Amino acid sequence: MKHTLRQIFHSPKFVTGFVIFSFLLILMLIYPLISPGNPLEMVGLGTFFKPGVYVNVYDSVNTELHTLKLEDAAQKRIDSVLSDEDRVAMVNWLTAIGIDVEDIDISDTGALLELWWGNYDRSIRPEGMTKALRNYYERLNNRLNSIKNSDDIIIAEAGEEDGELIKTATITDTDYVNVGDVANVKFLPLGTDNFGRDVLKQLVAAAKTSLMIGIIAGCIATFIGLTLGLLAGYIGGVVDDIIMFFTNIFTVIPSFVILILISYSISQDNRGATTVAIVIGCTAWIWTARSVRSQVISLRNRDHVNLSRLSGHSLIKILLRDILPYIASYVVMALILQISSAILAEAQLSLLGLGPKTTEVPTLGLMMNWAMLYSAHLNGSWWAYFPVIFTIALISFSLNLMNTGLDQIFNPTLRD
Amino acid sequence: MKGYGKYFGKKIIWFLITLVAAVILNFILPRLMPNDPVAAITARTAEGISDVSAVKRIYETYAEQFGTNKPIPTQFYLFVKNALRGDFGLSFSQYPRSVSDIISSAIWWTIALQLPAIIVGWLLGNILGALAAYIRKGFDKVVMPACLLASSMPAFGMAVILLVIFGITLKVAPTSGAYSYTMIPNLSWKFIKSVIEHYQLPFWSIVIIAIGGQAIGMRSMSIYELNADYVKYSRFLGIKDGKIVRYVFRNAMLPQVTGLALSLGSMVGGALVAEIIFSYPGIGTSILQAVTMADYPLLSATTLIITLMVLIATFVIDIIYGFIDPRVKAAQFDS
């Protein structure tokens with residue numbers, strides 16, 4: 001046993017898979033401690049907030065101000081306000097009055113503004129330009145100027161008696177607050193989803209649930225498959241015929257179809273994560289049963305098994321003590337594959353709208369389902385779906401890697 | 001011919017048995033569940049209706065329509081009779097369209113998408129796997145983890161990633177549907193071009209996943225065969241490398257053919273979900289529609305059709321296998 005373990009941990013493939021998997025497990029355990037709270041809590045009012053640091057504006061106004069003189073501040077300010085359409089419009093105006101703008105890069109705000117301020121004059125009327133368009137340019141120019149001249153922003157409070165505004169503070173363009181001083185700052189590393197939930201917090205919880213679904217389903221499937229395979233292979237005869245009859249039928253009928261039918265019949269309200277896991281487990285045993293059976297058949301007539309039978313040992317004892325140890329490595333590998341395919345099955349079911357009910361626990365499939373329903377992939381909210389796909393892929397990649405590593409150890413012919 | 005006859009006869013009998021089992025399952029599974037599907041549909045339709053007798057009438061109408069008020073054997077007889085005629089009743093979500101109408105327009109998209117994709121993926125995967133096993137060294141070190149990663153990816157995940165990269169960021173391919181929505185299906189070049197453009201992303205997302213899974217299997221099989229005694233013996237005899245590789249490839253291929261038959265079900269399942277991402281008008285999208293709109297007749301029919309498709313495909317693969325497996329061939333010469 002000790003020797004086998006040492007051998008396993010010398011396989012680079014297994015170790016890589018194991019490290020990735022352990023890392024994910026540790027993350028699942030530690031992250032809820034760092035960021036406690038209900039993962040399904042809707043923090044954001046609105047859909048798909050970008051990842052980043054959210055600073056409370058109300059608090060930052062009342063925080064102690066510092067003055068910093070930064071040269072490029074005004075430039076950056078204009079940079080962030082000036083949309084691409086505005087930039088194109090500015091270039092169009094400049095072209096219209098006959099200025100050579102061939103080599104200007106519209107993303108270079110400095111050069112663009114220099115040209116603009118050097119040339120713009122509201123009294124010029126480029127040929128063919130409508131009044132509406134001229135007005136648009138005038139408004140654009142005024143906007144740019146107000147940012148350039150950095151007008152102060154006045155904070156006012158409504159007076160208690162007459163509601164008259166009373167000036168309480170002015171904010172100039174050189175005022176800064178230290179983020180550490182602001183009372184309320186929320187870091188959303190992966191933004192929020194369509195319900196305004198913190199994606200990262202939800203993702204960690206979802207990975208945990210999905211893994212749990214995988215483990216429950218994998219254990220059930222392996223248990224059923226192992227039992228049937230052992231019985232069919234060892235007893236043979238009629239038992240074998242009956243078991244193989246059903247196994248052959250279910251290998252061809254896609255288990256996905258059976259999953260859909262059962263899940264649909266259970267109905268949304270009764271589908272908890274555990275129910276889904278059990279249903280997946282009950283439909284996934286076929287592979288394990290087939291391969292366990294064929295392995296048991298090759299072991300059935302070994303001398304030690306015959307000896308055991310002659311000694312009058314019970315069926316269960318023979319199966320558990322004389323046959324199971326020989327196929328144990330195989331069963332572990334089958335279990336690993338079952339876990340990873342169960343996680344995939346849950347995700348696929350959820351995408352069809354047949355996953356666990358949404359209100360209780362997040363799962364990877366449900367997160368994906370909601371992101372797709374709200375077209376996160378079409379509106380550019382990558383944080384809502386990409387981390388989910390990445391997590392699913394990473395979990396099954398690490399499991400598959402461990403499986404390949406084990407395969408190479410227990411099947412010496414496959415070794416490099 | 002006797003050997004073949006026996007082999008094919010056995011396969012045909014199995015095909016029929018599985019078909020019957022599939023039909024029975026499709027009939028019985030929803031009825032075995034504690035929840036009455038008719039009650040579930042009634043609950044959806046009768047939402048907001050407080051009049052008890054009205055709800056009861058709705059329930060009875062649906063029960064009559066589905067025949068659930070009749071004894072189980074009669075129900076089964078009707079189910080089979082109607083299914084044989086291709087009559088699956090009327091769709092709830094697209095009333096008054098019949099379910100068979102919806103399916104007959106969806107199924108060709110699914111077949112046209114999945115059949116070539118799975119075949120191409122299987123071929124490319126096998127070639128890649130055999131090359132990885134034969135060349136080894138650097139090639140294997142790169143290809144193997146890449147294939148493992150591709151096969152770990154769910155089909156819908158690959159679909160989303162391809163869609164975002166090629167459809168939205170690079171804008172080289174359309175993002176949804178099977179043809180431009182401004183067009184009406186016809187046989188013009190413009191329409192065919194649009195179909196081909198819309199075909200690319202769903203096609204490749206299925207192919208890449210299939211390549212990954214098949215390459216891993218083929219690589220293991222080939223390594224196993226390359227280490228076999230007959231290969232060493234052939235080398236010892238001085239047979240050319242190219243010829244040995246051909247033998248190895250053939251021997252490693254056989255389990256891969258069976259493997260394709262066995263993994264077909266899960267591949268089709270994954271591809272159906274990938275269809276949803278592209279709103280491809282195939283069976284997968286129909287299933288989603290059936291689930292979200294509680295369209296029970298549609299769901300029942302689509303699952304039956306998919307099972308039937310997989311059964312037929314598996315049967316065809318089994319027949320092809322009979323022709324290429326030397327053991328079946330040998331049995332023919334013996335007799």
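Figure 1. B:Ile276 counts as buried because 23 other C-beta atoms lie within 10 Å. A residue is called buried if 20 or more other C-beta atoms lie within 10 Å of its own, exposed if there are 12 or fewer, and partly exposed in between, with C-beta atoms placed from the backbone. The model is predicted: local features need pLDDT of at least 70, side-chain atom pairs count only at pLDDT 80 or more, and totals for chains, interfaces and linings use all residues. Residues are numbered from 1 along each chain as its sequence is written, while chains are lettered from A and ligands numbered from 1 in the order in which they are written. B:Ile276 belongs to helix H10 of chain B; helices (H or I, at least four residues) and strands (E, at least two) are DSSP runs, numbered from the N terminus. Not counting residues up to four places away in sequence, B:Ile276 touches A:Leu351, B:Gly284, B:Thr285 and B:Leu288. Two residues are in contact if their C-beta atoms, placed from the backbone, lie within 7 Å. B:Met253 is 23 residues from B:Ile276 along the chain, and their C-alpha atoms are separated by 33 Å.

**Figure 2. The side of chain A that touches chain B.** Contacts between the chains involve 39 residues of chain A and 50 residues of chain B. On chain A, helices H9 (237-252), H10 (255-266), H14 (315-351) and H16 (382-410) each supply at least two residues of the side that touches chain B. H10(A) gives the most to this side, with 10 residues. By class, the side of chain A that touches chain B has 26 nonpolar, 13 polar and no charged residues. Ala, Val, Leu, Ile, Met, Phe, Trp, Tyr, Cys and Pro are taken as nonpolar, Asp, Glu, Lys and Arg as charged, and the others, Gly among them, as polar.

**Figure 3. Helix H15 of chain A.** Helix H15 (residues 364-373) of chain A is largely enclosed by the rest of the structure, because nine of its 10 residues are buried. Among the buried residues of H15(A) are A:Leu364, A:Met368, A:Asn369 and A:Trp370. The buried residues of H15(A) pack against H8, H14 and H16 of chain A, and also against helix H10 (241-277) of chain B. Just after H15(A), A:Ser375 has a positive phi of about 45 degrees.

**Figure 4. Surroundings of B:Ser151.** B:Ser151 sits in helix H6 (residues 137-152) of chain B. B:Ser151 is buried, since 22 other C-beta atoms lie within 10 Å. Its contacts, leaving aside neighbours within four places in sequence, are with B:Ile209, B:Gly212, B:Gly213 and B:Ile216. From B:Ser151 to B:Gln214 the distance is 8.7 Å, C-alpha to C-alpha, although they are 63 residues apart in sequence.

**Figure 5. Helices H5 and H8 of chain B.** The axes of helix H5 (residues 99-135) and helix H8 (residues 189-226) of chain B come within 6 Å and cross at roughly 35 degrees. Axes are lines fitted to C-alpha atoms, for helices over the stretch in contact, and angles run from 0 to 180 degrees between N-to-C directions. H5(B) and H8(B) cross in a right-handed sense; a crossing is right-handed if the near helix is turned clockwise from the far one by less than a right angle, and left-handed if anticlockwise. The contact of H5(B) with H8(B) has 22 nonpolar, nine polar and one charged residues.

**Figure 6. Nonpolar cores.** The largest nonpolar core has 171 residues, and those with the most contacts inside it are B:Ala159 and B:Ile206. A nonpolar core is a set of buried Ala, Val, Leu, Ile, Met, Phe, Trp, Tyr and Cys residues joined through C-beta atoms within 7 Å. Leaving aside neighbours within four places in sequence, the contacts of B:Ile206 include B:Gln114, B:Ala117, B:Ala155 and B:Ala274.

**Figure 7. The chains behind the close-ups.** Chain A has 16 helices and six strands, whereas chain B has 13 helices and zero strands. Buried residues make up 36% of the 416 residues in chain A and 40% of the 335 residues of chain B. Taken along the principal axes, the C-alpha atoms fill a box of roughly 110 × 55 × 45 Å in chain A and roughly 90 × 60 × 40 Å in chain B.
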